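Please open the model in a viewer and display the side chains.

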Amino acid sequence: MMGELRTISLADWRGRYAQLRESGLDEPGYGGPLERHFDGGYRRLARLRFDPSPAALRLWNLVLTEEDRLHQARRDGRIIVGCMKDLGTIAVLAWSLPRVVAFYPDGCWWTPCIMEGFTPLLKIADSLGVGESFCPVRAMLGAFLSGSEFPEPDLLVCGVGATCDDFSAIAQRLEATGRRIVWWEVPHRRRPEAHEASVLLPGGYVASCRSVEFVRGELERVWAALCEAAGGLPLDAGGVAAGIRRANALRRRLRQLRETVFLSPRPLMPSLEMLLAEMLAIHYCSDWDEAMRVLGDLCDEVTRRRSQGLALPAAEAVRLFWVNPPADLRVMNLVEECGGRVCGTDYMFTHALDEIPEDLPPLEALARMVLADPMTGASADRAGRICAEAERWGCEAVIVCRVPGASHCATEGIVIADAVRDRLGLPVAEIDVPPVADPIEPALRTRIGAVIEAARGRRK
Amino acid sequence: MNIAVGIDAGSRRIKIVLWDVDADRVAAAGCADQGVRQEALATELLDRLLVGQGLDRSAIRACVATGYGRNLLRLADTTITEITCQARGVRYRRPDASTVVDIGGQDSKLIWLDASGRVRDFAMNDRCAGGTGRFLEIVADRLGVSVASLGELASRSAAPAAISSMCAVFAETEIVGLLAAGVSPADVAAGVQKAIATRVAAMAGGRLNEPIVFTGGVAQVSGMASALEAATGRSVIVCPDAPMTGAMGAALLAAERLDARRPVPR
């Protein structure tokens, strides 16, 4: 007998929270009812559907209280490092230093969504000439200038080059406001020439040894800057190796969660909570221990559900591969409402999910991870990985989600969609998702619903 | 009489088909202008069609809603996207269809069908009015003619004007400029048709397999099919009763849901 789980609304969470408290809910210091975040201005929560488990509550509370942790770190005299644009390498390096807290200022790109536009961040960005032709990550500029989202970091590090044109322009504008940024260059991952020595990267791409060497040099420079900011610490390769092991421990736990959920015949965890869980890989939401605990709880929860035959409704849900994070979190709910489930993802930071080699000198290993990022090579390379992953997870259709204003999304979506059609023969839908997608929800439902119907029709 | 109902709540018109499940034929079909009271408008049209057949709602055995307003219709048993419904409706009219071009009031779509008529893949325009029926309405309004006579106007063109922008707002600005420069309304109308057809051809990306069947309200605008043929280099067949294919497909899918074992004619 299979039991059904139901997602719940923010209002439902009130009663659910009281019930959990009565039954002895074990909460961390950042715990509490979900609705307090709504009261604090996160209005979008009222439009979302949530997983009803204590593990999911802990995940949401961890994600929505990062600001508090960063302010606490400042009060504790810890060194705060803003790791910009890089989605999974510099944070590993920074977290390997004692008394350093790394965070991801780019995460502000969800603020316009979570606050349903009731935020001055975008207006501040507008005033600096960074208007809506840019990706919503421009909200980060407003966050720095207003000081409303996080304390001023002690050090800012930003990847540039084969990363994102929008972000480079935004970060340059930030630097022009008087902030010092340690720039490091991410070269385009090119195919090695015949005479060049090459190296196989984690994830399967190949790069020239010369490219790896260049990146290693860049990382050495960043590492020196980090050690200096941390109070003139010596360069300790052993510390970085330990940091890599910690990153890998978290990545392994996340892999366990993804495999349990994605490979399950029935949906064990909503797509929205899975998206949030994956985000923890980038910088641990500023607390590695808690990120580990949250992922552990989620793993336990889905394992329990699987053993007890509990799952979300829609037993016939179509297995979707999802490309790029949506600017509006509500869209992840739409997947399930339209009869689908996300069973494979490329949210632009897949290299933060792959394990970092532990049998190499630490900076060499990190340099290889930088070049293993699908976003730093040709779009066709990324499309190739997406096809391989979609096949591995047994996906029946692919949704390519575009971020309005994001320069890479304008052309990359077509390359990915064509590759999926040609190589896998799966239906593909491309969707544009603005930070608050309510006005176009009917159109989004049509696109998501149609790709699900097409995939379901192929089962017959 | 047992009736399966298909409702296409489009952006400009509501279309309804009543399918006689016992006789395997269309019992009645009709359409009405869309408005703010979408559910009331659909209900009024449905009741009118039923009364015309001497029936009331007790004859309804299944009801499928499609179109952008489908989720507002509580009288439907279920909703199915217009992609699936258009494919099913076109397949009923043209069982050999391989590619469906659907240009409606709010969006344009390409639907690729497999050999058994199922949706293999689809593509839709972005969320703007460029390349849709709404675009034609704006142009017709600017030229002072009805949408229905836009094709006739375009047929008098000697040299279609080049419309560079496919954003409806910018294109309107271009049209004002062209008219001010002395370009004839006929050349502007033909230029707009050509621009829409070119956009659809680009959306197809060369993946157009014949027979290509053209449906949706815009398929009825004279000259659009030949503009599509010119843009794609392929033959284009205008689907019979094109504005109704979505509702037709919804009605057939409703009948299939009613009795999955009982084949419904293709």
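Rings of Phe, Tyr and Trp (for Trp, its six-membered ring) are paired if their centres lie within 6.5 Å; planes under 30 degrees apart count as stacked, over 60 as edge-to-face, and the rest as tilted. This is a predicted model, in which local features need pLDDT of at least 70 and side-chain atom pairs count only at pLDDT 80 or more, while totals for chains, interfaces and linings use all residues. Residues are numbered from 1 along each chain as its sequence is written, chains are lettered from A and ligands numbered from 1 in the order in which they are written, and side-chain values use heavy atoms, without hydrogens and water.

Begin with F103(A), F144(A) and F150(A), which form one aromatic cluster. Over all chains, the structure holds eight aromatic pairs.

Next, select W95(A) and Y284(A), a tilted pair at 5.7 Å centre to centre with 45° between the planes. W95(A) lies in helix α5 (residues 90-95) and Y284(A) in the loop between α12 (271-283) and α13 (288-308), 189 residues apart; helices (H or I, at least four residues) and strands (E, at least two) are DSSP runs, numbered from the N terminus. Both W95(A) and Y284(A) are buried, that is, under 20% relative accessible area with a 1.4 Å probe, protein chains only.

Move to F262(A) and W393(A): their ring centres are 5.1 Å apart and their planes at 85°, so this pair is edge-to-face. F262(A) is buried at 1% relative accessibility, and W393(A) is buried at 2%.

Finally, select R246(A), whose charged end sits over the ring of W288(A), 4.1 Å from its centre; the criterion is NZ of Lys or CZ of Arg within 6 Å of the ring centre and within 35 degrees of the ring normal.

Methods. Buried means under 20% relative accessible area, exposed over 50%, partly exposed in between (1.4 Å probe, protein chains only).
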